[in-house]
Amino acid sequence: VTFTPDEEGFSDVPPSSWAYDYIQAIRDEGITGGCGNGNYCPKDFVTREQMAAFLIRAILGDPDEDYCNGVDPFLDVAAEAWSCPHIKTMVELNITGGCGQGNYCPQGLVTREQMAVFIVRALEGDPSANYCNGVAPFDDVSPSSWSCGHIKRLVEMGITQGCSSGSYCPGNEVNREQMAAFLARAFLGME
């Protein structure tokens with residue numbers, strides 16, 4: 001069901017949506033322009049290249065279109081790709097090293113634990129290696145998990161409370177309305 005949005009709204013995000021304020025805020029700040037045709041696609045999952053664009057726009061704004069200057073930052077990211085400037089900037093800011101073997105996996109879907117790592121690195125870098133100190137922040141996050149410290153910091157910064165009572169759901173993919181909430185809390189100070 002669609003509605004006629006106000007002059008700033010997306011046609012597929014009604015004001016009654018739990019994520020409406022978050023989506024409006026990241027739109028107003030230029031972090032997103034939606035997914036096309038006046039829509040935001042709130043239920044679509046976020047790809048790694050979309051995550052790069054969201055983060056870099058939140059931190060610095062859009063890089064120049066020719067920022068990659070003909071150089072592929074990863075084997076699977078061509079210099080001509082729309083997302084290349086954002087991905088290259090993520091590498092330069094030490095937010096990502098890719099997904100392995102010289103690749104970035106731009107079409108891969110972002111999981112909740114990957115999102116935690118990306119956002120925490122974008123805000124303040126990596127927490128210390130033993131940041132969880134043997135204590136899990138959630139029942140489904142092991143203290144020895146590669147992402148434990150980042151997830152713990154995300155909680156401490158008030159960006160997440162998990163996915164349900166006592167759980168974080170680290171392997172679940174993040175959809176665009178959830179990402180709007182994470183971004184608005186992390187970079188715009190929303191609650």
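Author: In this predicted model, the largest nonpolar core holds 48 residues. Among them, M51, L55, M115 and I119 touch the most other members. The elements that give two or more residues to this core are α1 (20-28), α2, α3, α4 (112-124), α5 (148-156) and α6. The largest share, 8 residues, comes from α6.

Take M115 next. Leaving out residues up to four places away in sequence, M115 touches M51, V110, L154, Y168, V174, M179 and F182. M51 and M179 come up again where α2 meets α6.

Now the packing of α2 on α6. Helix α6 spans residues 176-188. The two axes lie 11 Å apart, at an angle of about 25 degrees. Angles under 35 degrees count as roughly parallel, so α2 is roughly parallel to α6. Their crossing is right-handed. From α2 come Q50, M51, F54, L55, A58 and I59. They meet R176, M179, L183 and F187 of α6. By class, this contact has 8 nonpolar residues, 1 polar and 1 charged.

Helix α2 also packs on α3. Here α2 covers residues 48-59 and α3 covers residues 84-92. Their axes come within 8 Å and cross at roughly 70 degrees. The range from 65 to 115 degrees counts as roughly perpendicular, so that is how α2 stands to α3. The crossing is left-handed. On the α2 side, the residues are E49, A52, A53, L55, I56 and R57. On the α3 side, they are H86, I87, T89 and M90. This contact divides into 6 nonpolar, 2 polar and 2 charged residues.

L55 is listed in the contact of α2 with α3. L55 is also listed in the contact of α2 with α6. And L55 is among the core residues that touch the most other members.

Q114 sits in helix α4. Its relative accessibility is 22%, so Q114 counts as partly exposed; buried would need a value under 20%. Setting aside neighbours within four places in sequence, Q114 is in contact with R48, L109 and W146. S165 is 51 residues from Q114 in sequence. In space, the two are 21 Å apart, C-alpha to C-alpha.

Technical notes: Residues are numbered from 1 along each chain as its sequence is written. This is a predicted model: local features need pLDDT of at least 70, side-chain atom pairs count only at pLDDT 80 or more; totals for chains, interfaces and linings use all residues. Side-chain values use heavy atoms; hydrogens and water are left out. Axes are lines fitted to C-alpha atoms, for helices over the stretch in contact, and angles run from 0 to 180 degrees between N-to-C directions. Helices (H or I, at least four residues) and strands (E, at least two) are DSSP runs, numbered from the N terminus. Angles under 35 degrees count as roughly parallel, over 145 as roughly antiparallel, 65 to 115 as roughly perpendicular and the rest as oblique. A crossing is left-handed if the near helix is turned anticlockwise from the far one by less than a right angle, and right-handed if clockwise. Contact means heavy atoms within 4.5 Å. Ala, Val, Leu, Ile, Met, Phe, Trp, Tyr, Cys and Pro count as nonpolar, Asp, Glu, Lys and Arg as charged, and the others, Gly among them, as polar. A nonpolar core is a set of buried Ala, Val, Leu, Ile, Met, Phe, Trp, Tyr and Cys residues joined through side-chain atoms within 4.5 Å. Buried means under 20% relative accessible area, exposed over 50%, partly exposed in between (1.4 Å probe, protein chains only).
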